[in-house]
Amino acid sequence: MAQRGQRSAKTILMWTGISVLVLVYALFPVFTILATSFKTPGDLGNNTLLPTDWNYTWQNYEMIFVGDAQGLFLTALRNSIGITLIATAIAVVLATLCAYAVARLDFPGKKIILAVALGVSIFPVISVVTPLFNVWRSIGLYDTWIGLIIPYLSLTLPISIWTLSAFFRQIPWDLEYAAQVDGATQWQAFRKAIVPLALPGVFTTAIIAFFIAWNDFVYGISLTSTEAARPVPAALAFFTGASQFEEPTGAISAAAIVVTIPVVLLVLMFQRQIVSGLTQGAVKG
């Protein structure tokens with residue numbers, strides 16, 4: 001027993017050390033950006049991690065909210081929020097219907113749907129940007145919200161279909177049959193019996209789709225040319241310093257921290273639902 005307890009203590013210590021290393025590895029870049037966002041212009045050229053003499057400043061945050069970069073950043077932030085929320089909502093609705101059909105209905109070619117979804121999800125985005133750019137310019141969708149929402153669906157729909165199909169497969173068929181015996185149609189059984197049980201999966205899928213669309217850079221930089229639809233990740237490339245001799249490192253770092261805050265808040269607020277949804281979808285009932 002003592003030997004088993006000693007082995008257990010060593011295992012706990014080993015996994016604790018691994019967890020600490022992973023946390024340091026993952027959070028160190030974030031900490032570096034956070035520290036840079038509070039540096040003065042004079043400290044940005046130094047190689048020190050923290051501002052010299054702990055001389056922190058809010059100047060970079062003032063620049064993106066009330067200063068020279070206000071118009072560029074706030075407009076891009078509005079675009080990111082609107083485009084991402086719309087793309088996420090459409091992706092979740094379409095993926096819910098498609099995943100239910102794949103998991104519950106028997107029709108020819110349903111396995112091909114999942115194969116195609118997997119193929120689309122691993123297809124390199126950069127390879128379709130040029131033809132999409134030409135098509136969008138021809139039909140008038142270039143530099144518009146719709147012109148970004150549609151490509152974002154190609155990023156969010158495949159993973160959403162894959163995730164939700166796993167949830168629908170684990171829900172017992174007897175619940176749907178019981179609802180239909182009680183007089184419900186297939187649509188009513190789906191809406192009132194199946195979807196409520198799959199809500200953890202739907203919620204998890206929505207969070208994942210939101211993250212994917214929120215962090216996109218390639219489509220945002222390639223399919224926009226003005227502030228009309230340019231999202232924040234693309235807008236960061238157009239930040240300028242207070243003068244032509246000053247790099248906008250501080251302002252970009254401050255904007256990156258502000259953009260990261262919604263993602264962190266979502267994870268902290270709904271981490272229990274996310275973990276619950278991921279674990280439920282990992283096991284077929």
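This is a predicted model: local features need pLDDT of at least 70, side-chain atom pairs count only at pLDDT 80 or more; totals for chains, interfaces and linings use all residues.
**Notebook: largest pocket and a helix pair**

The residues are Val-30, Ile-33, Trp-214, Asn-215, Val-232, Pro-233, Leu-236, Ala-256, Ile-257, Val-259, Thr-260 and Val-263. The elements that supply two or more of them are α1 (2–37), α11 (232–235) and α12 (249–282). For the volume of the largest pocket I noted about 230 Å³.

Next I turned to the overall fold. I counted twelve helices and zero strands in the protein chain. The chain has 285 residues, of which 37% count as buried. I also checked the sequence range of the contacts: among those between residues at least 6 apart in sequence, 73% join residues at least 24 apart.

How are α3 and α8 arranged? I found that helix α3 (residues 70–104) packs against helix α8 (residues 186–197) at an angle of about 110°, with the axes 13 Å apart. Angles of 65 to 115 degrees count as roughly perpendicular, and α3 and α8 are therefore roughly perpendicular to each other. On the α3 side I noted Thr-96, Leu-97, Tyr-100 and Arg-104, which meet Gln-186, Trp-187, Phe-190 and Ile-194 of α8. I classed the residues of this contact as five nonpolar, two polar and one charged.

Methods
Residues are numbered from 1 along each chain as its sequence is written. Side-chain values use heavy atoms; hydrogens and water are left out. On a 1 Å grid over the protein atoms alone, a cavity is a set of points where a 1.4 Å probe fits but cannot get out, and a pocket is an open set with protein on both sides within 12 Å along at least five of seven lines; lining residues have an atom within 4 Å of a point. Grid points are joined across faces, edges and corners, and a volume is the space filled by probe spheres set on the points. Helices (H or I, at least four residues) and strands (E, at least two) are DSSP runs, numbered from the N terminus. Axes are lines fitted to C-alpha atoms, for helices over the stretch in contact, and angles run from 0 to 180 degrees between N-to-C directions. Angles under 35 degrees count as roughly parallel, over 145 as roughly antiparallel, 65 to 115 as roughly perpendicular and the rest as oblique. Contact means heavy atoms within 4.5 Å. Ala, Val, Leu, Ile, Met, Phe, Trp, Tyr, Cys and Pro count as nonpolar, Asp, Glu, Lys and Arg as charged, and the others, Gly among them, as polar. Buried means under 20% relative accessible area, exposed over 50%, partly exposed in between (1.4 Å probe, protein chains only).
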